Amino acid sequence: MRMVRVLSAALLTLGLAAAPAAADASPSPSQDGASARTQAGTSFRTAAEIEQGQPATASGSTGDYLYWSFPADTGQRPTVKATVKLPESHASQTWQIDVYDGLRRRQACQYGAQTRTAAADVSSVELACVLRTVRAWSEPWANDPLPGTYYVRLTATGVATADLGLPIGSEVRVDSRDIGGSAAVDGSLAEPLVPGVATKPGQEREDAAVPAGLEPEDGWASGWWSDRWVWTAAGGILAALAGAGGYALTRGSGRPSRAPAA
């Protein structure tokens, strides 16, 4: 019974330690209620900065390239969703979203409708791209997602000549799932991948470019804590309990009373 009580106390302590980590993974209510941004860039340099969890809307013309940028940190698996509102009268159109990292390397989507074709009678089209989990470190030759600024590009890839220039509306939103210790690796970047370059509103001169101001709420590399710490500690506690229990079961009751003294 004593061993059962000790084991129960250890598991209770483990649950209390894991609770804050689970709470951190939930989305912030304040982000869900944030107002939408109403602009988009037309290149990497002029990409509109958006925070994760905040919708961004923009108006444009069919055939334009629309760009947004957002920060992603270690352990996150970003999901990019886009909705395009098409004009009342249009021919068949194919729309696509692409995601690039801070080095402007195109990142593959794990799953999601990255490209969709809208028939002539369709009023809107929805796209989605779920990226791979952002890693803290990677080999130089690999194309793994790393912490830093990411760029979203929305454009139509198959448009009839008569539809070029027709007005469209768009909405983009980025959300992330915190994967936790299962995606942790041994190593980290000294700095996030090229934090990005943004242009001040209303200025297109070369000297108007400034570093992008976006970063995760708790700063870069805020994901140093993961549930791997909890499970490592739990494994040590359980191993110690198992050793103590095994010793108690195998040591017996001591020297028999009938045994002669040495």
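**View 1. Salt bridges in the predicted model.** The whole structure holds six salt bridges; the model is a predicted one. Among them, Asp-98 pairs with Arg-106, with N and O 3.0 Å apart. Asp-98 also bridges to Arg-153, where the closest N and O atoms are 3.4 Å apart. Asp-98 sits in strand 5 and Arg-153 in strand 10, so this pair ties together parts 55 residues apart in sequence. Asp-98 and Arg-153 are both buried. Arg-106 is partly exposed, at 41% relative accessible area. Shared partners join Asp-98, Arg-106 and Arg-153 into one network.

**View 2. The salt bridge of Arg-105 and Asp-101**. The N to O distance is 2.7 Å. Asp-101 is buried, at 0% relative accessible area. Arg-105 is partly exposed, at 22%.

**View 3. Strand 10 and its pairing partners.** Strand 10 spans residues 148-158, and nine of its eleven residues are buried. Strand 3 (residues 66-72) pairs with strand 10 in the antiparallel sense, over seven bridges. Here Ala-72 has Gly-148 as its bridge partner. Strand 5 (residues 93-100) also pairs with strand 10 in the antiparallel sense, over seven bridges. Ile-97 stands opposite Leu-154.

**View 4. Leu-154 in the largest nonpolar core**. This core has 29 residues. Trp-68, Phe-70, Val-80, Trp-95 and Leu-154 touch the most other members. Strands 2, 3, 4, 5, 9, 10 and 11 each supply at least two core residues. Contacts of Leu-154 include Trp-68, Ala-82, Val-84, Trp-95, Ile-97 and Leu-127.

**View 5. A second, separate core**. This core has five residues, including Ala-47, Tyr-67, Tyr-100 and Tyr-151.

How values were computed: Residues numbered from 1 in each chain as written. Predicted model: local features only at pLDDT ≥ 70, side-chain atom pairs only at ≥ 80, totals over all residues. Heavy atoms only, no water. Buried < 20%, exposed > 50% of the residue type's maximum accessible area, 1.4 Å probe, protein only. Helix = DSSP H or I, 4+ residues; strand = E, 2+ residues; numbered from the N terminus. Pairing = 2+ DSSP bridges. Core = buried A, V, L, I, M, F, W, Y, C linked by side-chain atoms within 4.5 Å. Contact = heavy atoms within 4.5 Å. Salt bridge = Lys/Arg side-chain N within 4 Å of Asp/Glu carboxyl O. Lists of a residue's contacts leave out its neighbours within four places in sequence.
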